[in-house]
Amino acid sequence: MSRSSPAARLQQLFEGRRLTPTQRRIAHSMVRRAGDAPFLSSVELAELAGVSQPSVTRFAVALGFDGYPALRRHLREVSPAGPSAGDGEDTYNEYQQAVLGEIENLRHLAELLADPGPVERAGRLLAGSRPLPVLGLRAASSQARGFGYFAAKVHPDVRVLDEGGSMLHDRIDAARRAGATALICFALPRHPREVVDALAYAREQGLTVVSVADSAFAPVAAHSDLLIPAAVGTGLAFDTACAPMLLGRVLLESMCDALPDAQARLEEFDARAAARGLFIE
């Protein structure tokens, strides 16, 4: 994609912003009408996105502007003089742009992993915790379940904590009494207050907290002993989490390296699965 196309410039303006679902609808509408966006009134943009005019104003403020007129002036300053400018340039639709945004997130993760020290330390902490609590609520629950599914094949006692409520602290207590020394948390936007409270409680009980979060400045950072960031994609109505998922697999690999019997456990599982005809080859 040409990074000078109107759609690309708008995408760059929105990248990394924490926008509400309504604000994302506005952003998507602007990307779809990238050539016209600098010339739309707030009322026209509201109608285009199917939102209220005040929502458009709040959207502009969320991007760091004093109001929608300031946002529109900015777009006119950085855009060519007419909607047809950019004709002939290679452009991508919003779905392709979302994929390209995730590719960029993965590039950033690869750069971060050039220093394997934090991941190796995390792997040792997770391997040494018996049992191993894996926390992830709401948007992060699938990350926790996926990590727990694979971790259970090599770790003797994995406990996935993917439901909140009054029993969450009880389950942390139970894991600690059973001998847990560390907890891994997957924390993704929007960050539930309950996760932050649970991590604070886990540390009070003596657990070392390893967190995978969308940013080093995520709310869980203050309650994490080791936080490894992996950005989420924000180009669609709902966040995409390719980089956090891949980081979870990297941490699994590091944990396997720290478990001397990991390979034997995997081979044993494969043998039992074959005997049961569990999978179709």
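1. Glu281 is exposed, with a relative accessible area of 88%; exposed means over 50% relative accessible area, buried under 20%, and partly exposed in between, with a 1.4 Å probe and protein chains only. Glu281 is placed in the segment after α12 (262-276). Between Glu281 and Thr181 there are 100 residues in sequence and 39 Å in space, C-alpha to C-alpha.

2. This is a predicted model, in which local features need pLDDT of at least 70 and side-chain atom pairs count only at pLDDT 80 or more, while totals for chains, interfaces and linings use all residues. Residues are numbered from 1 along each chain as its sequence is written, and side-chain values use heavy atoms, with hydrogens and water left out.

3. The next points concern the sheet. Its five strands form an open sheet in the order β2-β1-β3-β4-β5, with parallel pairing. Strands (E, at least two residues) and helices (H or I, at least four) are DSSP runs numbered from the N terminus, and two strands pair if DSSP finds at least two bridges between them. The edges are held by β2 (158-161) and β5 (226-229); each has a single partner strand, so one side of each is left without a neighbour in the sheet. On average, neighbouring strands are turned by 15 degrees against each other, direction ignored; axes are lines fitted to C-alpha atoms, for helices over the stretch in contact, and angles run from 0 to 180 degrees between N-to-C directions.

4. Strand β1 (132-135) is covered on both faces: Leu132 and Val134 on one side, and Pro133 and Leu135 on the other, are all buried. In a regular strand the side chains alternate between the two faces of the sheet. Four bridges pair β1 with β2 in the parallel sense, and Leu135 stands opposite Leu161 in β2. From β1 the chain crosses through helix α8 (residues 141-151) to β2, and this β-α-β crossover is right-handed; that is, with the strands pointing away from the viewer, the path from the first strand over the helix to the second runs clockwise.

5. Two bridges pair β1 with strand β3 (residues 182-187), also in the parallel sense. Here Val134 has Ile184 in β3 as its bridge partner. Further along the sheet, β4 (residues 208-213) runs parallel to β5 and is joined to it by four bridges, with Ser211 opposite Leu227 in β5. Helix α9 (residues 168-177) lies across β1 and β2, at about 165 degrees to β2.

6. The remaining points concern helices. In α1 (residues 6-14), eight of the nine residues are buried, including Leu10, Leu13 and Phe14. The buried residues of α1 pack against α2 (21-32), α4 (53-62), α5 (68-78) and α6 (94-112); contact means heavy atoms within 4.5 Å. Just after α1, Gly16 takes a positive phi of about 80 degrees.

7. Helix α2 packs with α3 (residues 42-49) at an angle of about 100 degrees, the axes being 9 Å apart. That makes α2 roughly perpendicular to α3: this term covers 65 to 115 degrees, whereas angles under 35 count as roughly parallel, over 145 as roughly antiparallel and the rest as oblique. Arg25, Ile26, Ser29 and Met30 in α2 meet Leu45, Leu48 and Ala49 in α3.

8. Which residues does Gln23 touch, not counting residues up to four places away in sequence? They are Arg18, Arg58, Phe59 and Ala62. Gln23 is found in helix α2 and counts as buried, at 11% relative accessibility.
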